[in-house]
Amino acid sequence: MILGLVGLCAPLGDTCLSRGMTELGSISLNHPGALIAAVFTPWIASGIVLLIGFFASYLTALSWADLTFVLPTTAFGNVIVAFLARFWLHEPISIQRWAGIVLITVGVGFVANGPSLTERPAESIAASALPAAEEEQVR
Amino acid sequence: MTVPSSSPGLWSAVGMIAAVVLSSTAGEVLTAAAMKSIGDLDDIRAHSGMKGAIRAVVTCPLFFAGVSFLALAFFALLFALNHLDLSLVAPASASLTLVTNAIAGKIFLKENVDRRRWTAAVLVCVGVYLLAH
């Protein structure tokens, strides 16, 4: 569920940001204040709320799984958004996008079948701690 | 797709996307390192409640380093979206970040990025590009 929330909130939040930024028009680096003001427009604010939900779920997932497990797995959210667009908004899905959906699904299947966390055996932790312990004894 | 006619050019587009990808990768690696150093948030929440979990996160210096880079990546993305097409920025940055994170995860976080994870990273990278294109 946590990984699902990460996958859903991120693309939805990005979509809100994209719509908000395109509505604003061109912003120059000479006026950086315009970027700050953009944060308070409705679409950008909605995007930020969704991204806060994404970030809380993302942090929780990272506390018990590897980064290289969490990132590919949560990319499945793109597939969910594509299906929502197809069946809810009745947008067509091209062959290219179907290929993308298949590749992501196969990729997530690959990574989800493996361990979510790199095992660090007790011996290796003890071995890395050993020189420090010996150094303490010498002192 | 590609760069709009009003855009500064190919190398500027590459620079903007590289800025998003590199700052995002640095932020995600630092944040992952911070969360690993804190421990399982579900366990912390079970013992100390939600406040304890929030306190554990916000008192970790690595977390703030990670968030700073993620904030940089966020504003770099806003800037890139303002100058380049979404159909270029979204797939390029999303797919490249997966690969750079796999490399950075192996080098800096010492994660076991085996053949299974490399395959997944490459498949999802190409898939995200095709889907978001």
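1. Let's start with chain B: its secondary structure amounts to 5 helices and 0 strands. Reading from the N terminus, the order is simply α-α-α-α-α. Keep in mind that this is a predicted model.

2. For the complex, the predictor reports an ipTM of 0.79 along with a pTM of 0.72.

3. On overall dimensions, the C-alpha trace of chain B covers about 55 × 35 × 25 Å along its principal axes. Chain B has 133 residues, and 45% of these count as buried. Take the contacts in chain B between residues at least 6 apart in sequence: 77% of them link residues at least 24 apart.

4. Now for where the two chains meet. Chain A brings 34 residues to the contact and chain B brings 39 residues. On the chain A side, at least two residues come from each of the helices H1 (2-24), H2 (33-38), H3 (42-64), H4 (67-74), H5 (76-87) and H6 (95-112). H6(A) gives the largest share, 12 residues. By type, the chain A side that touches chain B splits into 20 nonpolar, 11 polar and 3 charged residues.

5. One residue to look up in chain A is Glu23(A), which sits in helix H1. Is Glu23(A) buried or exposed? Glu23(A) counts as exposed, because it has 12 C-beta neighbours inside 10 Å, and the cut-off for exposed is 12 or fewer.

Conventions: Residues numbered from 1 in each chain as written. Chains lettered and ligands numbered in written order. Predicted model: local features only at pLDDT ≥ 70, side-chain atom pairs only at ≥ 80, totals over all residues. Contact = placed C-beta atoms within 7 Å. Helix = DSSP H or I, 4+ residues; strand = E, 2+ residues; numbered from the N terminus. Nonpolar A, V, L, I, M, F, W, Y, C, P; charged D, E, K, R; others polar. Buried ≥ 20, exposed ≤ 12 C-beta atoms within 10 Å, placed from the backbone.
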